[in-house]
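Thanks for coming, everyone. Let me put the model on the screen, and then I'll walk through it.

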Amino acid sequence: MYILLSQLSLIDLTLTSTIVPKMASNFFTGRKTISWVGCGTQSFFFLMLGMSECLILTLMAYDRYVAVCSPLRYPTIVSPRVCLHMVAACWIGGSVGSFIHTVYPMHFPICGSREIHHFFCEVPVLIRLSCEDTSAYQLVVVVTSIVLLVVPFSLITASYTLIFLAVLRMNSVKGRKKALATCSSHLTAVSLSFGPNIFIYMTFTSSHSPEQDQALWVFSNILTPLLNPLIYSLRNKEVMAALMKLMGRCGAS
């Protein structure tokens with residue numbers, strides 16, 4: 001679990017570092033420009049980290065399933081070596097998918113304005129600039145989204161369905177609470193990550209406005225990585241007590 005959490009933390013840190021510095025620079029300096037190479041680089045790292053995060057979250061659900069449903073076999077099924085191999089596969093898969101979906105859209109010809117209505121370079125935004133018919137590529141994006149979003153989300157749902165069934169069969173009330181507390185943080189992170197991305201990538205770009213995309217991207221790629229450390233720390237009694245105390249102060253003020 002801690003190997004996977006370390007990878008999720010690394011992804012959150014590098015994901016925000018890919019977007020926020022340039023966005024903050026544009027905001028404070030007023031120079032809202034980026035080179036074509038810089039745009040492609042930003043798009044590649046954003047997609048690589050996003051795809052890898054989806055796969056890592058799926059592995060975390062599998063890890064929780066084995067820990068709750070087969071605790072005695074856990075050390076052999078999810079050994080550190082197996083875990084590292086799965087993590088490496090996630091990074092490789094994210095890198096390959098990102099490379100394909102960065103190189104191909106960057107070759108679309110741009111006939112008019114090069115202004116993008118967004119705060120960073122991303123595939124749905126770039127293909128809006130093209131003067132060619134991109135409906136075929138949009139279909140490819142939807143198919144890729146099914147593979148990297150819908151399938152992992154379905155596997156996570158199936159894992160937690162089996163986990164909850166196993167929890168209901170537990171005789172120990174303390175064991176139930178411990179299992180649910182372990183899984184609740186991951187379920188929260190999955191909801192915050194998969195929800196906005198499914199809406200963005202599973203629908204064609206003409207079906208929602210740039211303002212909706214921007215709001216969802218800020219929530220999914222800036223606020224969610226910011227909240228993840230707190231989400232995964234709420235199992236700690238001291239952190240929970242400090243949060244309740246802070247909320248009490250805010251309510252009183």
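**A buried charged pair**

Arg 64 is buried, and Asp 63 is buried too. Buried here means under 20% relative accessible area, exposed means over 50%, and partly exposed is in between, with a 1.4 Å probe and protein chains only. These two residues form a salt bridge, with their closest N and O atoms 2.7 Å apart. The cut-off is a side-chain nitrogen of Lys or Arg within 4 Å of a carboxyl oxygen of Asp or Glu. How many salt bridges does the structure hold? One.

Some ground rules. This is a predicted model, where local features need pLDDT of at least 70 and side-chain atom pairs count only at pLDDT 80 or more, while totals for chains, interfaces and linings use all residues. Residues are numbered from 1 along each chain as its sequence is written, and side-chain values use heavy atoms, leaving out hydrogens and water.

Now the overall picture. The chain has nine helices and zero strands. Helices are DSSP runs of H or I with at least four residues, strands are runs of E with at least two, and numbering starts at the N terminus. The C-alpha atoms fill a box of roughly 65 × 50 × 30 Å along the principal axes. Of the 253 residues, 40% count as buried. Take contacts between residues at least 6 apart in sequence: 76% of them join residues at least 24 apart. Contact means heavy atoms within 4.5 Å.

Next, the record. An unreviewed UniProt entry places "transmembrane region" at residues 40–62, 82–104, 136–167, 179–202 and 214–234. Those positions use the numbering here, feature names are shortened, and annotations may be inferred rather than shown by experiment. What does the model show over residues 40–62? The span is 100% helix and 0% strand, with its end C-alpha atoms 33 Å apart. Residues 136–167 are also 100% helix and 0% strand, and there the end C-alpha atoms lie 45 Å apart.

Stay with that part of the chain. Helix H6 covers residues 135–168 and contains Leu 155. Leu 155 counts as partly exposed because its relative accessibility is 49%. Back to the arginine for a moment: Leu 155 and Arg 64 are 91 residues apart in sequence, yet 12 Å apart in space, C-alpha to C-alpha. Is Ser 145 buried or exposed? Its relative accessibility is 5%, so Ser 145 counts as buried. Leaving aside neighbours within four places in sequence, Ser 145 contacts Val 150, Tyr 201 and Met 202.

The unreviewed UniProt entry annotates residues 1–16 as "signal peptide". In the model, that stretch is 94% helix and 0% strand, and its end C-alpha atoms are 23 Å apart. Helix H1 runs over residues 2–29. Its 28 residues reach 40 Å from first C-alpha to last, close to the 40 Å expected at 1.5 Å a residue. The expected span is 1.5 Å times one less than the number of residues.

Where is the kink in H1? At Ser 17, shortly before Pro 21, and the angle is about 30 degrees. The bend is the angle between axes fitted to the seven residues ending at a position and the seven starting there. Buried residues of H1 include Leu 4, Leu 8, Ile 11 and Leu 15. An α-helix has 3.6 residues a turn, so residues three or four places apart point the same way.

Asn 26 also lies in H1. Asn 26 counts as buried because its relative accessible area is 12%. Not counting residues up to four places away in sequence, Asn 26 touches Arg 31, Lys 32 and Thr 33. Just after H1, Gly 30 takes a positive phi of about 80 degrees.

Last topic: rings. Rings of Phe, Tyr and Trp (its six-membered ring) pair if their centres lie within 6.5 Å; planes under 30 degrees apart are stacked, over 60 edge-to-face, and the rest tilted. That rule gives ten aromatic pairs. One of them is Tyr 104 with Phe 108, edge-to-face, at 5.4 Å centre to centre and 80 degrees between the planes. Tyr 104 is partly exposed, at 47% relative accessibility. Phe 108 is buried, at 11%. Phe 119 and Phe 120 form a tilted pair, at 5.2 Å and 45 degrees. Phe 119 is buried at 18% relative accessibility, and Phe 120 is buried at 3%. Ring pairs link Phe 46, Phe 119 and Phe 120 into a cluster.
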